[in-house]
Amino acid sequence: MKKIVTGFAILAFAGVNSPANASITGNINATITLTTACRINNTVVPDATTNVEFGTLNFGTQNTYFTQATAELLGTAGNGIAIQCSNGTAPSISFSGGNSAGSGSSNTGTTGTRSMKHTTQASYVTYNLYSDAGGTTPIVANTPIVLATDGSAQNVAVYGTAYGAAGLITGTYNDVVVVTITFGA
C-alpha cells in the first residue's frame with residue numbers, strides 16, 4: 001500500500017504547475033480630432049468669427065483740390081493681411097464694394113469703384129483697391145482671390161488710390177470694406 005500512496009503523491013505533484021513569469025497585454029487608444037483653422041495677422045481665428053480688425057487704409061490729410069492720394073493697408077502684423085490656413089484647405093479672400101460703392105465721381109479721368117462718404121454730407125471721394133503698389137491689378141469687389149493650399153503663411157497686400165473731384169467739401173470721409181476669408185477642404 002505504501003507504494004500506491006507514494007505513486008499517487010508524485011503524480012499529483014507533477015500535475016501542478018507554478019507560474020514562472022506571467023504577462024498580460026492590452027492597448028490604450030489615443031485619439032484627437034483636428035479641424036481646419038486660419039491664423040490671421042498672427043492670431044488663430046476660430047471659424048465663423050466676425051468683426052475681425054484687418055487694418056486701416058489711411059489716405060492721410062489732403063486739400064479739397066487734390067487729384068490722387070495713395071495708401072497701403074497697415075494691419076496688426078504689418079503691411080497687408082497675413083493669412084495661414086490649415087494644410088490642404090483652399091483659402092480665398094474677398095473684399096466687398098464698401099458702404100457707398102458707385103457713389104461720387106472724379107475730375108482726374110479715373111473714378112474709383114468704391115467711395116468714402118463725408119461724415120455728415122452727401123459728398124464722396126472715390127477710390128480703388130489694388131494688390132500691387134503700382135496700381136495695375138485692381139481688387140474687384142466680391143471676387144475671391146485664391147491663395148495657396150499648402151499651409152504656408154501668405155501676405156495679401158492691399159493698396160489704395162483715392163481720386164479728387166470738383167466740389168469736395170472739407171471734413172472727414174470714410175468707408176468700410178468687409179473682408180471675407182473662406183477656407184475648407
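The largest nonpolar core holds 28 residues, and Ile40, Ile81, Ile83, Ile93 and Phe95 have the most contacts inside it. A nonpolar core here is a set of buried Ala, Val, Leu, Ile, Met, Phe, Trp, Tyr and Cys residues joined through side-chain atoms within 4.5 Å. Buried means under 20% relative accessible area, exposed over 50%, and partly exposed in between, with a 1.4 Å probe and protein chains only. At least two residues of this core come from each of strands S1 (38-40), S3 (68-72), S6 (81-85), S7, S9 (124-130) and S14. Strands are DSSP runs (E, at least two residues), numbered from the N terminus.

This is a predicted model, where local features need pLDDT of at least 70, side-chain atom pairs count only at pLDDT 80 or more, and totals for chains, interfaces and linings use all residues. Residues are numbered from 1 along each chain as its sequence is written, and side-chain values use heavy atoms, with hydrogens and water left out. The protein averages a pLDDT of 88, and 89% of the residues score at least 70. pLDDT is the predictor's confidence in each residue, from 0 to 100. Where it is low, the predicted coordinates should not be read in detail.

Start with S7 (residues 92-95). Both of its faces are covered: Ser92 and Ser94 are buried on one side, Ile93 and Phe95 on the other. S7 runs antiparallel to S14 (residues 179-182), joined by four bridges. Two bridges join S7 to S10 (residues 145-146), again antiparallel. Two strands pair if DSSP finds at least two bridges between them. Isoleucine 93 has isoleucine 181 as its bridge partner in S14 and stands opposite isoleucine 145 in S10.

Next comes an open sheet of four strands, in the order S2-S1-S6-S11, with antiparallel pairing. S2 (43-45) and S11 (154-156) stand at the edges with a single partner strand each, so one side of each has no neighbour in the sheet. The twist averages 35 degrees from one strand to the next; axes are lines fitted to C-alpha atoms, and angles run from 0 to 180 degrees between N-to-C directions.

Three bridges join S1 to S6. Isoleucine 40 pairs with isoleucine 83 in S6. Not counting residues up to four places away in sequence, isoleucine 40 touches Val45, Phe54, Ile81, Ala82, Ile83 and Ile181. Contact means heavy atoms within 4.5 Å.

A search of the whole structure finds one disulfide, defined as a pair of cysteine sulfur atoms within 2.5 Å. Cysteine 38 and cysteine 85 form it, with their sulfur atoms 1.9 Å apart. Cysteine 38 lies in S1 and cysteine 85 in S6, so the pair ties together parts that are 47 residues apart in sequence. The torsion about the S-S bond is about 100 degrees, so the disulfide is right-handed. Cysteine 38 is buried at 3% relative accessible area, and cysteine 85 is buried at 6%.

Glycine 80 is buried, at 4% relative accessibility. Beyond four places in sequence, its contacts include Asn41, Phe54, Asn155 and Val156.

A second open sheet has five strands, ordered S3-S12-S9-S8-S13, with antiparallel pairing. S3 and S13 (173-174) form its edges. Five bridges join S9 to S12 (residues 159-163), and tyrosine 130 stands opposite tyrosine 159 in S12.
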